[in-house]
Amino acid sequence: MADPQRARKLADRIKEIVARRLDKGLRDPRLGFVTITDVRVTGDLQHASVFYTVYGTDEERKDSAAALKAATGMLRTEVGRNITARITPSLEFIADAIPENAEHIESLLREARTRDEETTALAATAEYAGDADPYVKPRDLDADDDWDEIDDEASDLADDAEAGGSR
């Protein structure tokens, strides 16, 4: 197993070589606007997965995938000439799903933002289901009349208790 740092360096070098060759152009008219996004090399340095994106429609993506598959041998030869490794790694081109995933995440964020705005609008016009303040407050006993009412209630309760207790 090779050193992970060596594998990263080889992956970066393969990315440069393939991107430069694609920039020079292949003679395949099916090849669209291809961008190499990443290259990953196995631990034994014998296989490289080349991730790419294609700008365009689904048909252009399919055509570009076919063109890259057809040019794999030529690109592997180009890589073999430009790296200093005993074995030239085999190449596998994989369509990168980063743009689709990013669009999906963006749509989820837009949906969350609109739901938050709707919730904020509903909260602004919301009213309490019961009393505005459901907690019991102590009575405000400022006037003498209130004390008289309480004394009358207390004496009535006491009379009721005596009448009930003597039976």
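**View A. Strand β2 in the lining of the largest pocket.** In this predicted model, β2 contributes the most to the lining of the largest pocket, with 4 residues. The strand spans residues 47-55. Further elements that each supply at least two lining residues are β1 (33-41), α2 (58-70) and α4 (98-124).

**View B. The centre of the largest pocket.** The volume of this pocket is about 190 Å³. Its lining counts 13 residues, and the closest to the centre are Thr53, Val54, Arg61, Asp96 and Glu100. Sorted by class, 7 lining residues are nonpolar, 2 are polar and 4 are charged.

**View C. Burial of β2.** Is this strand enclosed or open? Of the 9 residues of β2, 7 are buried, so the rest of the structure largely encloses the strand. Buried here means under 20% relative accessible area.

View D. β1 and β2 run antiparallel and are joined by 8 bridges. Thr35 sits opposite Thr53 of β2. Thr53 is also among the residues closest to the pocket centre.

**View E. Pairing of β2 with β3.** β3 covers residues 90-95 and pairs with β2 in the parallel sense. The pairing comprises 6 bridges. His47 stands opposite Ser90 of β3.

How values were computed
Residues numbered from 1 in each chain as written. Predicted model: local features only at pLDDT ≥ 70, side-chain atom pairs only at ≥ 80, totals over all residues. Heavy atoms only, no water. 1 Å grid on protein atoms, 1.4 Å probe; cavity = no way out; pocket = protein on both sides within 12 Å on 5 of 7 lines; lining within 4 Å. Points joined across faces, edges and corners; volume = space filled by probe spheres on them. Nonpolar A, V, L, I, M, F, W, Y, C, P; charged D, E, K, R; others polar. Buried < 20%, exposed > 50% of the residue type's maximum accessible area, 1.4 Å probe, protein only. Pairing = 2+ DSSP bridges.
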